[in-house]
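Good morning. Please have the sequence and the 3D view open.

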Amino acid sequence: MSYDALFREQLDALKAEGNYRVFAELERRAGAFPAAVRHAGDRRGEVTVWCSNDYLGMGQHPDVLAAMHEALDRCGAGAGGTRNISGTNHDHVLLEAELADLHGKEAALLFTSGYVSNWASLGTLGARLPGAVILSDALNHASMIEGIRHSRAERRIWRHNDPADLDRQLAAIAPDRPKIVAFESVYSMDGDIAPIEEIVEVAERHGAMTYLDEVHGVGLYGPRGGGVAEERGLMDRIDLIEGTLGKAFGVVGGYIAGSAALVDFVRSFSSGFIFTTALPPAVAAGARASVRHLKASQVERLRQRRQVARLRERLDAIGIPHLRNPSHIVPVMVKDPVKCKMISDILLDEFGIYVQPINYPTVPKGSERLRFTPSPLHDDADLDRLVAALGSLWSRCALSRAVA
């Protein structure tokens, strides 16, 4: 049997559908973001990155880099082990305290990524709470879905951002069973924001625990960057807040924040935490510097919102369809996987503009898009170049200009 032939067969089918993913090889340059160098074989060229999750450019902020350099010189490269076996560095403890304070919680716990923090936490809660039922929003992230599957707990899917459907489903569950309502604040593909207060009220009425993924909200929303729940004055009513250090905070890692008992429970029983090497101390130090900066500074958030609004206005002016939402994410709708990749390729090769095509399975078939994330470091000249290029390509590719 040729296993490689079996692999190639499925890869060829993926390519034929227009859903095969090609990575752009980039070299980020501190002090120059959103500019980067693209490596393509023997060729190198400068591009402007328009789809980074480093939403505020904190990955190159002087305070973050200085903290990482200092910690690297002080501690060396790695943590040296799992958190249980020699890997708990003082920088981890300081960062966890910083994150607990950010969300007004008793404790926080670090993970190696946002994916792992969701997978490990939901997997542990669902598995260890006897008879638990996890109620998951229909558009929850893959990491949440995998964590729920891993838990083997009963799972119920409620309609996206629909508190009434959640209420109906919770009412059908025995009152004495543990219930976990899992949802996100900002949904990364459509950019819509959950009705958090209404969801929390439903959960409270039925004695359910609330689990809020704020990975696309932390750093960006709220007076101190605590996320949408902070912006709406609801953090104290959320049982567990999950976040990432790899997006607006510009580094890498994930975390949860909640009561001391809840966090200790996950720390003590989660295999995804127990059996993995801890984050490097320099990463923890850089993330702490980023969190501290964004607790005090509004400059980055305000300028980002200005640039997001300007991009939307410019797209409207030339009839480029984009999804309306209240967030920082600007999805330009193409609705065809082949054309979506073609436009992305032309933008990169001819205009030096990099935006990744978003195709199935990340989004449903027929809703393919280019997902733009303007940052405070994209200037007005960057906006001009982007909009001019999109206008040219929309005509060339014979795409509808009807606003989505």
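This is a predicted model: local features need pLDDT of at least 70, side-chain atom pairs count only at pLDDT 80 or more; totals for chains, interfaces and linings use all residues.

**Helix packing**

The axes of H5 and helix H10, residues 260–269, come within 10 Å of each other and cross at roughly 95 degrees. With that angle, H5 is roughly perpendicular to H10. On the H5 side, the contact is made by Ser 121, Thr 124, Leu 125 and Arg 128, and on the H10 side by Phe 265, Val 266 and Phe 269. Sorted by class, the residues of this contact are 4 nonpolar, 2 polar and 1 charged.

I will give both for the next two pairs.

Helix H12 covers residues 281–296, and helix H4 covers residues 90–102. Their axes come within 9 Å and cross at roughly 25 degrees. Why are they called roughly parallel? Angles under 35 degrees count as roughly parallel, and the crossing here is roughly 25 degrees, so H4 and H12 are roughly parallel to each other. The crossing of H4 and H12 is left-handed.

If you want to find this contact on screen, select Asp 91, His 92, Leu 94, Leu 95, Glu 98, Leu 99, Asp 101 and Leu 102 in H4. They meet Pro 281, Ala 284, Ala 285, Ala 287, Arg 288, Val 291, Arg 292 and Lys 295 in H12. By class, the contact of H4 with H12 has 9 nonpolar, 1 polar and 6 charged residues.

H12 also packs with helix H2, residues 62–75; these axes come within 8 Å and cross at roughly 150 degrees. H2 and H12 are therefore roughly antiparallel to each other. H2 passes H12 in a right-handed crossing. From H2, the residues in contact are Asp 63, Val 64, Ala 67, Met 68, Ala 71, Leu 72 and Cys 75. From H12, they are Pro 281, Ala 282, Val 283, Ala 285, Gly 286, Ala 289, Ser 290 and His 293. The contact of H2 with H12 has 11 nonpolar, 3 polar and 1 charged residues.

**Empty space**

Next, the gaps. Rolling a probe the size of a water molecule over the atoms shows where empty space is left.

How much space lies in the largest pocket? The value is about 860 Å³. Its lining has 35 residues, and those nearest the centre are His 141, Ala 142, Ser 188, Met 189 and Thr 362. Helix H5, helix H6 (142–151) and strand E14 (369–372) are the elements that give two or more residues to this lining. H6 gives the largest share, 5 residues. The lining of the largest pocket divides into 13 nonpolar, 14 polar and 8 charged residues.

The second largest pocket has a volume of about 620 Å³. It is lined by 23 residues, with Phe 23, Cys 51, Tyr 354, Gln 356 and Ile 358 the closest to its centre. Strands E1 (25–28) and E13 (357–358) are the elements that give two or more residues to that lining. By class, the second largest pocket is lined by 13 nonpolar, 7 polar and 3 charged residues.

How many cavities of 30 Å³ or more are there in the whole structure? The search finds 1. Among the residues that line it are Arg 83, His 92, Phe 111, Phe 273 and Leu 279. Strand E4 (107–111) and helix H11 (271–274) are the elements that give two or more residues to the lining. The cavity lining has 5 nonpolar, 5 polar and 1 charged residues.

**Backbone details**

Most residues other than glycine have a negative phi, and most peptide bonds are trans. Here are some exceptions.

A cis peptide bond joins Phe 33 and Pro 34, with omega about 15 degrees. Pro 34 sits in the loop between E1 and strand E2 (35–40). The bond from Tyr 360 to Pro 361 is also cis, and its omega is near 10 degrees. Pro 361 belongs to the loop between E13 and E14.

Arg 152 is not a glycine, but has a positive phi of about 65 degrees. You will find Arg 152 in the loop between H6 and strand E6 (154–158).

That is the end of my part.

Conventions
Residues are numbered from 1 along each chain as its sequence is written. Side-chain values use heavy atoms; hydrogens and water are left out. On a 1 Å grid over the protein atoms alone, a cavity is a set of points where a 1.4 Å probe fits but cannot get out, and a pocket is an open set with protein on both sides within 12 Å along at least five of seven lines; lining residues have an atom within 4 Å of a point. Grid points are joined across faces, edges and corners, and a volume is the space filled by probe spheres set on the points. Helices (H or I, at least four residues) and strands (E, at least two) are DSSP runs, numbered from the N terminus. Ala, Val, Leu, Ile, Met, Phe, Trp, Tyr, Cys and Pro count as nonpolar, Asp, Glu, Lys and Arg as charged, and the others, Gly among them, as polar. Axes are lines fitted to C-alpha atoms, for helices over the stretch in contact, and angles run from 0 to 180 degrees between N-to-C directions. Angles under 35 degrees count as roughly parallel, over 145 as roughly antiparallel, 65 to 115 as roughly perpendicular and the rest as oblique. Contact means heavy atoms within 4.5 Å. A crossing is left-handed if the near helix is turned anticlockwise from the far one by less than a right angle, and right-handed if clockwise.
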